[in-house]
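Reader: I'm new to this one. Could you show me the structure and then let me ask how you know what you say about it?

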Protein chains: 2
Amino acid sequence: MLLPPMLAAGWTQRRRTRPSARRYFDAVWERRRARCFYKVLSNRESGGEATAIIVYRLPWTWKCSKLLMKFIHAGLNTIAMILAIVSLVAVFDFHNAKNIPNMYSLHSWIGLTAVILYSLQLVLGFAVFLLPFAPVSLRASLMPIHIYSGLLIFVTVIATAFMGFTEKLLFALKNYKASPPEGIFVNTLGLLILIFGALVLWMATRPQWKRPPEQNSKLQQPNGGTEDSAMTDCSKAEKADVEFNSEAAARKRNLKLDETGQRSTM
Amino acid sequence: MLLPPMLAAGWTQRRRTRPSARRYFDAVWERRRARCFYKVLSNRESGGEATAIIVYRLPWTWKCSKLLMKFIHAGLNTIAMILAIVSLVAVFDFHNAKNIPNMYSLHSWIGLTAVILYSLQLVLGFAVFLLPFAPVSLRASLMPIHIYSGLLIFVTVIATAFMGFTEKLLFALKNYKASPPEGIFVNTLGLLILIFGALVLWMATRPQWKRPPEQNSKLQQPNGGTEDSAMTDCSKAEKADVEFNSEAAARKRNLKLDETGQRSTM
């Protein structure tokens with residue numbers, strides 16, 4: 001998610017009129033740095049968010065302790081949030097340096113909405129699911145909202161990126177309507193991001209890829225037992241591989257049967 | 001979903017230089033008509049698609065026969081598809097009349113992808129779920145893909161609309177960066193569409209709002225019995241209201257318990 005937008009930014013940049021040497025070494029350099037920061041960080045943010053979303057859905061992580069996976073999930077989201085804040089500061093700095101008004105576009109409105117929702121999601125997630133104080137009933141009632149909000153924020157971020165691409169292409173390419181190679185390149189990048197988002201959503205919504213809850217139940221209770229808690233890295237659970245694989249296959253079979261029973265009414 | 005975009009289009013139009021009377025009565029009129037067609041129809045399309053998505057999720061429709069609901073679902077999607085095709089023809093006509101190249105923007109690429117996926121979804125949906133030839137096992141295995149694709153196409157259409165708004169605002173408003181009332185209006189419309197999409201996705205993904213499968217099972221089998229099939233309108237099933245409501249409450253309780261059991265491992 002990082003390299004292509006950087007290439008795209010560099011590519012579209014080439015066609016613009018080059019500034020004089022003097023300007024290059026003062027204001028323009030600052031502006032370019034800010035713009036580069038913004039693009040790189042905001043794309044790293046969506047990549048980090050996507051990884052955080054699917055981290056529970058990778059079958060080879062099922063043998064790791066739930067607590068470890070929760071720390072990885074929270075850590076990735078925290079990194080993505082920090083990058084989002086830094087990129088917001090960069091884009092405001094860039095606008096101020098160029099005397100461009102802030103928050104005038106739909107891109108900025110939807111984007112800021114996504115960042116606000118993301119920060120709320122992060123704070124609530126920490127308070128309810130990571131700290132050991134929330135009762136199980138509260139976690140149970142908030143978990144569907146947490147999952148739904150995470151996916152909603154993810155698709156909103158992708159929509160924001162699409163609007164950003166559209167703005168950038170219209171601002172930077174004077175001959176965009178003639179489909180120059182830069183335009184084709186960024187459009188292709190947009191399609192690839194759409195496919196990427198579709199794959200993440202598919203992985204995040206398949207019931208058979210849901211992490212099995214049975215194995216580490218003691219560990220996950222607030223202030224739970226310490227015996228199972230020792231399994232905080234994946235290496236200690238290698239022996240459980242076969243059991244997990246057979247369990248996953250059994251769950252898949254059961255889901256298939258359930259689904260058939262349910263869908264026989266279609 | 002229809003009125004606000006029309007207002008927005010009219011509002012942004014006002015600030016443009018008015019053409020002479022002669023031009024008004026030939027080419028400009030054609031162009032405006034094509035543009036109006038495109039906007040109205042493409043917004044009707046997303047509205048129709050949303051209604052089709054949630055039609056099974058409205059509890060008061062659970063007392064109607066499944067076959068009737070399937071016809072309504074398919075009918076709404078067919079209308080939306082027809083509107084999408086007409087709006088595509090209108091926008092190509094508009095581009096050709098103004099000598100604007102077709103298919104140069106990310107908006108058009110993502111939009112055409114959505115329309116192609118939508119038509120595939122419609123054809124497959126008809127063949128597998130409406131016609132009585134597909135075996136139950138095929139329906140069961142394709143249903144999760146059908147639901148996922150429908151929601152994916154829906155969010156893709158919304159992202160396409162956002163890009164369309166961005167393009168329109170940048171093309172039509174020369175002072176867009178100064179946040180004119182038209183810009184604020186369309187940005188607000190974008191936020192409302194985001195909320196609308198979020199609500200539709202929420203309704204479409206809550207398990208407790210899923211249509212109960214038990215009542216009309218005989219009807220739904222391919223070439224099934226005729227006794228239950230007689231219940232093809234809602235009025236004949238009024239008596240089942242209390243049963244359905246109590247069943248929905250029971251399902252909600254069961255889901256809550258399941259969820260608690262599952263999430264106790266968090």
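**How the two chains meet**

Author: In this predicted model, 58 residues of chain B are in contact with 58 residues of chain A, contact being heavy atoms within 4.5 Å. Residues are numbered from 1 along each chain as its sequence is written, and chains are lettered from A in the order in which they are written. Local features need pLDDT of at least 70, side-chain atom pairs count only at pLDDT 80 or more, interface totals use all residues, and hydrogens and water are left out of side-chain values.

Reader: How much area do chain B and chain A bury between them?

Author: About 5600 Å², with 71% of it on carbon and sulfur atoms. Buried area is the accessible area (1.4 Å probe) that two parts lose on being put together, summed over both.

Reader: Which element of chain B gives the most to the side that touches chain A?

Author: That's helix 5 of chain B, with 19 residues. Helices here are DSSP runs (H or I, at least four residues), numbered from the N terminus.

Reader: How many salt bridges does the rule find across the interface?

Author: The rule finds 0; a salt bridge would need a side-chain nitrogen of Lys or Arg within 4 Å of a carboxyl oxygen of Asp or Glu.

Reader: What makes Phe154(A) and Phe196(A) a pair, and why is it called edge-to-face?

Author: Rings of Phe, Tyr and Trp (its six-membered ring) pair if their centres lie within 6.5 Å, and planes under 30 degrees apart count as stacked, over 60 as edge-to-face and the rest as tilted. These two centres are 6.3 Å apart and the planes sit at 65°, so the pair is edge-to-face. Phe154(A) lies in helix 5 and Phe196(A) in helix 6 of chain A, so the pair ties together parts that are 42 residues apart in sequence.

Reader: What is the mean pLDDT of chain A?

Author: It's 77, and 63% of the residues of chain A reach 70 or more, on a confidence scale from 0 to 100. Over residues 1-19 of chain A the pLDDT is below 50. Where pLDDT is low, the predicted coordinates should not be read in detail.

How values were computed: Helices (H or I, at least four residues) and strands (E, at least two) are DSSP runs, numbered from the N terminus. pLDDT is the predictor's confidence in each residue, from 0 to 100.
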